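This report describes how two chains meet in one model. The sequence and structure come first.

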Amino acid sequence: MKIDTIFNIENKSLYSVKYFNYDKNEFERIFDNWITDLNFLYDFFTKNKKDLQSGFYGDITIKNAIKRTIEEAEKLEETLLYAAEKGEIDFFECLQTIFKPLHNDKYKVSELLQTKAYGNRHKSWLRIYAIRINANTYIITGGAIKLTPYMNCLHLKQELTKIELVRRYLSDNNVFEQEDFEFLEIRN
Amino acid sequence: MEKQRNNLENIVEKQTSNWKDKARFRQKNKSWIKLSQSIALDVLIYIKENGIKQTELANLIGVEPQRINTILKGKENLTLETISRLQEALGLELIPANKSKQTVQLVLSIGKKTTNTFNKIDHSLFKTDKSITKHYYA
C-alpha cells in the first residue's frame with residue numbers, strides 16, 4: 001500500500017488519501033462501495049456472514065444488511081460534509097464533534113490523532129478512519145464495515161496499516177512536526 | 001498551526017475530486033435510484049443464490065453482459081421493457097403490484113353487499129384472484 005496523493009474533499013476541512021492500489025480517493029471509494037456497489041456489499045456480507053449473524057445485530061439477512069448499509073452510508077456522507085462545511089464557522093458543528101479517538105482508551109485530542117467516525121444508527125457497523133490536523137481539518141485514511149468488536153480481521157487490520165502509513169507520510173512532509181500523536185476514529 | 005495547514009496544502013492534489021457532483025446527482029434523483037437499487041438487489045440476490053452467471057442473464061434478456069453489470073450497480077434508470085424482461089427471465093416480481101391492498105378492499109366491499117361499493121371495486125381483480133370470485137358468486 002503506497003500513498004499516491006491527498007485530495008481536498010470539502011472546504012479545506014475534509015481531505016482524503018488516494019493510494020496507488022485504487023483508482024479513487026478513499027472518501028469516494030468508500031461511499032461508492034457502500035451506497036452504489038451492490039456486488040461489493042453482497043460479496044462482503046456473504047464472506048462475513050458468520051460475523052453478521054452472530055446475534056449482536058439480531059436476526060438480519062444479507063439483503064437487509066445491504067439496505068441498512070446504504071441508508072446509513074448516505075446519512076454519514078451527508079453528516080461529514082455538513083460538518084466540514086459548517087465547522088469553519090461553528091465549532092460545535094465541526095468535524096471534531098464527529099470523530100472520536102480510534103483507541104477507546106485515548107481521550108486526549110491532539111494533532112495527528114488517529115480517529116474514527118461511526119454511522120448514525122445505534123450499533124452502526126460503518127467506520128471512517130482519519131487523522132486529525134486540527135478541530136476542523138481531518139484527512140480520511142480509509143473506512144470499513146466493522147462487524148466484530150476488535151480489529152483483528154484482515155480488512156480491519158489493513159485500515160490500521162493505512163492510518164499509520166498516512167501519519168508517517170504527514171510527518172515526513174512536515175505537516176506536523178511533533179513526535180507525539182494519537183489515533184482517532186469517527187463515531188456517530 | 002497555520003504552517004501545518006500550509007504544509008498540508010503543498011502536498012494536496014490540485015485537481016479536485018468530483019464526489020460532490022455524484023452526491024448531488026444521488027440526492028436529486030433519490031426516488032428512482034432507490035427503486036433501481038431495490039430491483040438490482042432482488043436480481044443480484046436471485047442470480048447469486050441460484051448460480052446464474054451475469055452472461056447467462058444477459059443472454060436471457062437479450063443485452064450485452066456489460067449492461068447486466070451496470071444494471072446490478074443499482075444506478076441505472078431502467079426502462080419498463082428491461083424490468084419486464086428481467087421479470088420474465090427470472091420469474092420475479094420486481095415492481096410489486098398493489099394486489100394485496102386491493103384484495104382486502106374487495107373482500108370488505110363484498111362483506112358490505114352494497115351495489116355502490118361493488119361498483120367501486122376494481123373488476124380486473126376477478127382475473128387474478130379467482131378465490132374471491134368464487135366466494136362472491138357462492
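Contact here means heavy atoms within 4.5 Å. The model is predicted: local features need pLDDT of at least 70, side-chain atom pairs count only at pLDDT 80 or more, and totals for chains, interfaces and linings use all residues. Residues are numbered from 1 along each chain as its sequence is written, chains are lettered from A in the order in which they are written, and side-chain values use heavy atoms, with hydrogens and water left out.

On the side of chain A, N39(A) lies in helix α2; helices (H or I, at least four residues) and strands (E, at least two) are DSSP runs numbered from the N terminus. Beyond its neighbours within four places in sequence, N39(A) is in contact with L44(B), K48(B), Q54(B) and N69(B). N39(A) counts as buried because its relative accessibility is 15%, the limit for buried being under 20% relative accessible area with a 1.4 Å probe, protein chains only.

The interface as a whole has these totals.

| Item | Value |
|---|---|
| Residues from chain A in the contact | 41 residues |
| Residues from chain B in the contact | 36 residues |
| Area buried between chain A and chain B | about 3300 Å² |
| Salt bridges between chain A and chain B | 8 salt bridges |

Buried area is the accessible area (1.4 Å probe) that two parts lose on being put together, summed over both. Of the area buried between chain A and chain B, 53% is on carbon and sulfur atoms.

A salt bridge requires a side-chain nitrogen of Lys or Arg within 4 Å of a carboxyl oxygen of Asp or Glu. One such pair joins K34(B) to E74(A), at 3.1 Å from N to O.

Note on methods: Buried < 20%, exposed > 50% of the residue type's maximum accessible area, 1.4 Å probe, protein only.
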